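Dear colleague,

Please read the notes with the coordinates open beside them.

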Amino acid sequence: MSPARRLAVLRSQLQAGAPASPAGGGDRDVRAEQGAGVSTSPCAAASAGRGEGESGGEAEGKGCVFCRIIRGEAPAFKVYEDDVCLCILDSHPLAPGHSLIIPKCHFPSLEATPPAVVAAMCSKVPFLSNAIMKATQCDSFNMVVNNGAAAGQVIFHTHFHIIPRRSGDKLWPTESLRRRSIEPNETSGLVSCIKEQLCPSPEGCKTEPQSSLPKER
């Protein structure tokens, strides 16, 4: 199936499965022109004023490639859009149908993204992934977030990857690696450290590390 045909099928799946919108707002279907569709929705004014940003990543605001797509200044194959987020095809896909869910406001990392925005993005994953899998004739997908340079983040504007998968595609070399069992003695200190970071104060977290692993005899 040609890329253009795959994109047409993907759009038809999204149009068929899109949730109903309340009058005057909510989700709206965006029909891109033939070829590369572009968004005309404005990026948040605040994001444009943050200046040149993260080291090793895209400049924030006006220089961010995702913000440029959102403002309609750069082309992208757009398959879905609502008031909070945009879904486009990755320009360098790992597999046909590899898509990105992007918030319309600029946030450089997942931890900088408000929970309500993350929730809105996550709420679209089931319906978008279902359409993408049907269009690409796959029955599985990876949802990936590269957060930070060491994790492979290149564009410093929060985004989710939806990557369709086929059995035996060998997309991730690490899938063939053998994983070792967790070591209870090594892990209890790590659990305590994580809980300390979660608690706002020493009094806020008094529980001891719990483990469901069998104790060594």
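**The sheet and the listed histidine**

In this predicted model, five strands make up an open sheet whose order is β1-β2-β3-β5-β4, with antiparallel pairing. The edges are taken by β1 (78–81) and β4 (140–144), and because each of these has a single partner strand, one side of each is left without a neighbour in the sheet. From one strand to the next, the twist averages 20 degrees.

Within the sheet, strand β2 (residues 85–89) and strand β3 (residues 99–103) run antiparallel and are joined by five bridges, and Leu 89 has Ser 99 in β3 as its bridge partner. Helix α5 (residues 125–136) packs on the sheet, where it touches β1, β2, β3, β4 and β5 (160–165), and the direction of the helix makes about 35 degrees with that of β5.

The other point concerns His 159, which UniProt lists, in an unreviewed entry, under "active site"; please note that such annotations may be inferred rather than shown by experiment. His 159 is placed in the loop between β4 and β5. With a relative accessible area of 8%, His 159 counts as buried, since the cut-off for that term is under 20%. Leaving aside residues up to four places away in sequence, His 159 touches Phe 66, Leu 100, Ile 101, Ile 102, Met 121, Val 144 and Val 145. The side chain of His 159 also reaches the backbone oxygen of His 157, at 2.6 Å.

How values were computed
Residues are numbered from 1 along each chain as its sequence is written. This is a predicted model: local features need pLDDT of at least 70, side-chain atom pairs count only at pLDDT 80 or more; totals for chains, interfaces and linings use all residues. Side-chain values use heavy atoms; hydrogens and water are left out. Two strands pair if DSSP finds at least two bridges between them. Helices (H or I, at least four residues) and strands (E, at least two) are DSSP runs, numbered from the N terminus. Axes are lines fitted to C-alpha atoms, for helices over the stretch in contact, and angles run from 0 to 180 degrees between N-to-C directions. Contact means heavy atoms within 4.5 Å. Buried means under 20% relative accessible area, exposed over 50%, partly exposed in between (1.4 Å probe, protein chains only). A polar contact is a pair of N or O atoms within 3.5 Å; within protein, one must be able to donate a hydrogen and the other to accept it, and residues adjacent in sequence count only if both atoms are side-chain atoms.
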